[in-house]
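Hi everyone, thanks for making time for this.

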Amino acid sequence: MKKKRRSREFKKNSDIIDIEEARERRRRRRERQAARNAEAEEQPVSGTGSHRHRAKRRRIKLVYVIIIIVAAVVVGFSACNLVSLKAQEREVLKQQQQLKDEKAKLEKELERADDPDYVEKEAREQLKLIMPGEKLYFFPQSDDGDSDSNKDKDDD
């Protein structure tokens, strides 16, 4: 085996070489060596390959991205829920105010229920009652819906 090697070396050394070609080969060899050195610096000291190291970095980045996406989704749902709860709160407060107004109106009407004039007015309008000696006349209803002109009272 040594003989073959010596003969190759002799053959290489005995060839006539062009200076420009030799410089080009030397430049390419230096570039390859620099690339190998750069790759060796990137590789971790523990001896794992650069492919494994890059894959590990990608997995870590992927985990971080997934965590960020999940956090964003949770925050989004919370914000949406908060907005809907605020809308419900406004609606309930509005209903509460309406009920308070209605309660005040009914309490006012209850206070007037003790007034004899109010009781008489309601009896005449709602129950169509009349006092003794009065006559109640009913007229056909008109299209304009005026209910006050439909009845006429006559005192004797």
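I'll start with the overall layout and the confidence, and then go through some side chains.

So, what you see here is a predicted model. The chain has four helices and two strands, and if you read along the sequence, they come in the pattern α-α-α-α-β-β. The chain is 156 residues long, and 4% of those residues count as buried.

Now, where is the confidence highest, and where is it lowest? The highest mean pLDDT in the chain is 94, in helix α3, which covers residues 50-112. The lowest mean is 47, in strand β2, residues 151-155. Residues 149-156 have pLDDT below 50, although this stretch does have 26 contacts in the model beyond near neighbours in sequence. A word of caution here: where pLDDT is low, the predicted coordinates should not be read in detail. For the chain as a whole, the mean pLDDT is 82, and 81% of residues reach 70 or more.

Let's turn to the charged side chains. How many salt bridges does the structure hold? There are eight, and I'll show you some of them.

Please look at helix α2, residues 19-42. Arg 23 forms a salt bridge with Glu 20, with the closest N and O atoms 3.5 Å apart. These two residues are three apart in the helix, about one turn. Arg 23 is partly exposed, at a relative accessible area of 48%.

In that helix there is also a salt bridge between Arg 25 and Glu 21, and here the closest N and O atoms are 3.3 Å apart. Why can these two side chains point the same way? An α-helix has 3.6 residues a turn, so residues three or four places apart point the same way. Arg 25 and Glu 21 are four residues apart in α2, so about one helical turn separates them. Both ends of this pair are partly exposed: Arg 25 has a relative accessible area of 41%, and Glu 21 has 44%.

Next, helix α4, residues 116-126. Glu 120 and Arg 124 meet there in a salt bridge, at 3.2 Å from N to O. Being four residues apart in α4, they too are separated by about one helical turn.

The buried residues of α4 are Tyr 118, Glu 122, Ala 123 and Arg 124. The side chain of Arg 124 also makes a polar contact, at 2.6 Å, with the side chain of Glu 134. Glu 134 sits in strand β1 and is buried, with a relative accessible area of 16%.

Arg 124 is touched by Ile 130 as well, and Ile 130 also touches Leu 136, leaving aside residues up to four places away in sequence. You'll find Ile 130 in the loop between α4 and β1, the strand at 134-138. With 37% relative accessibility, Ile 130 counts as partly exposed. Its C-alpha atom is 9.1 Å from that of Glu 120, ten residues away along the chain. One more detail in this part of the chain: α4 is followed by Lys 128, which has a positive phi, near 60°.

Last stop, the surface. Which residues form a nonpolar patch there? They are Ile 60, Val 63, Tyr 64 and Ile 67, and together they have about 400 Å² of accessible area. Tyr 64 lies in helix α3, and at 53% relative accessibility this residue counts as exposed, since the cut-off is over 50%.

That's the tour, and I'm happy to go back to any part of it.

Technical notes
Residues are numbered from 1 along each chain as its sequence is written. This is a predicted model: local features need pLDDT of at least 70, side-chain atom pairs count only at pLDDT 80 or more; totals for chains, interfaces and linings use all residues. Side-chain values use heavy atoms; hydrogens and water are left out. A salt bridge is a side-chain nitrogen of Lys or Arg within 4 Å of a carboxyl oxygen of Asp or Glu. Buried means under 20% relative accessible area, exposed over 50%, partly exposed in between (1.4 Å probe, protein chains only). Patches are made of residues with over 30% relative accessible area and no salt bridge: like charges are joined within 9 Å, nonpolar side chains (Val, Leu, Ile, Met, Phe, Trp, Tyr) within 5 Å. Accessible areas come from the Shrake-Rupley method with a 1.4 Å probe; for residues, only the protein chains shown count as cover. Contact means heavy atoms within 4.5 Å. pLDDT is the predictor's confidence in each residue, from 0 to 100. A polar contact is a pair of N or O atoms within 3.5 Å; within protein, one must be able to donate a hydrogen and the other to accept it, and residues adjacent in sequence count only if both atoms are side-chain atoms.
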